[in-house]
Amino acid sequence: MDNQMKRGLLDICVLAAIKNHDSYGYQIIKDITPYVNISESTLYPILRRLEAANCLTVYSVEHNGRLRKYYHLTDMGQTRLNMFVEEWKEIMSIYQFIVKETETI
Amino acid sequence: MTKHDFLMAVRAHAEGTTLPPQELEKMLEYYSEMIDEAMEEGATEEEAVGKLGSWSEIIGQINAACENYDSTQQSQTQNDEIHTEFKQKEQAAAPVSSAAASSTAEPEAVRGYIHMPWLRITLLIVTFPFWFTILVILGSILFAFFCVVGSLMVTFSVLAVALIIAAIITVPASLILWATNGFTSFALAVSMIFLMIGVGLLCKELFVGFIWLFKKLMHFSSVCFQKLFH
């Protein structure tokens, strides 16, 4: 997959991973990895970027004598997720067309 | 590479760049958390650090963070109370580089790895008789555990081997007994063989069990050791 596209998709994946319940960095990686390969050092700038764009907020919870940072999806993040899904409906229909045309040759 | 070495290396690299101190602290907190998480799942310290991604990736990320800093800072000021909470921590964390400011920082609000070298060293020296005694006691207890488990391991392994060998030797002996003393002695010898094999296998299982216990003990003591020197 080309890098630009992967980068955009990863942002959405992170938002999706915290949609139903707040999550922390290590768990987010575990949730996403089966679908897209993501390392700890890739996740960090994504989280910072999404935080800066007000798509998520951060809070700390005590865990095993240290702090664990949890990420919470904001309304802005939710809007971005919805936009992605809408956009991709369109892209999927274009994809169907391309597949159909390539197969019929 | 240990966690401490890794975080130090990131800090060392970042200090040569324009990355603001509070951004660096956030980054270090993140990597520190990631290493802790991986270690809680059973990875060794080395493995946990190795998992983080390539060094060039991390350096690239520090450099990118420097460029993005301006835009990030603007949005931070607009943000809600969670950010102000973080800000407090950052302000407390910021004087780390300047040693003189340590008395004005709020130590309660700061995490464990914020350094205040003089206070820590003095405390360490003053409380020496106390923590050293406890350390020695705990060390001795741990050592005793190691000795007990270790000797039990040896005992059971030797016992298992001895019993199996004895069982093998009893096989020809039982035949001779049959020839000299008749069937009753032979039957007795055969039952002895089965008894020895049974007890031998039991000892082997116990041996395996103690190996497991020994490993757990090793892991536990290494974790204690690492925590101690952090």
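Modeller: Happy to! Buried means under 20% relative accessible area, exposed over 50%, and partly exposed in between (1.4 Å probe, protein chains only). This is a predicted model, where local features need pLDDT of at least 70 and side-chain atom pairs pLDDT 80 or more, while totals for chains, interfaces and linings use all residues. Residues are numbered from 1 along each chain as written, chains are lettered from A and ligands numbered from 1 in written order, and side-chain values use heavy atoms, without hydrogens or water.

Rings of Phe, Tyr and Trp (its six-membered ring) pair if their centres lie within 6.5 Å, and the pair is stacked with planes under 30 degrees apart, edge-to-face over 60 and tilted otherwise. By that rule there are 16 aromatic pairs over all chains. One of them joins Phe128(B) to Trp131(B): the arrangement is edge-to-face, with 5.4 Å from centre to centre and 85° between the planes. Both residues belong to helix α7 (residues 128-181) of chain B, and because they are 3 residues apart, about one helical turn separates them. Helices here are DSSP runs (H or I, at least four residues), numbered from the N terminus. Phe128(B) is partly exposed, its relative accessibility being 40%, and Trp131(B) is also partly exposed, at 31%.

Now move to Phe183(B) and Phe186(B): their ring centres are 5.9 Å apart and the planes meet at 45°, so this pair is tilted. Phe183(B) is exposed, with 52% relative accessibility, whereas Phe186(B) is buried, with a relative accessible area of 16%.

The rings also gather in a group: Tyr44(A), Phe6(B), Tyr30(B), Tyr31(B) and Trp55(B) make up one aromatic cluster. Let's follow Phe6(B) into its helix, α1(B), where Phe6(B) is buried along with Lys3(B), Leu7(B), Val10(B), Arg11(B) and Ala14(B). Viewed down the axis of α1(B), the buried residues fall within an arc of 135°, so they line one face of the helix; that arc is taken from the directions from the helix axis to the C-beta atoms. Ala12(B) and Glu15(B), on the other side of α1(B), are exposed. The length of this helix also fits: its 13 residues (3-15) should span 18 Å at 1.5 Å a residue, and the end C-alpha atoms are 18 Å apart, which agrees. The expected span is 1.5 Å times one less than the number of residues.

Methods
Helix = DSSP H or I, 4+ residues; strand = E, 2+ residues; numbered from the N terminus.
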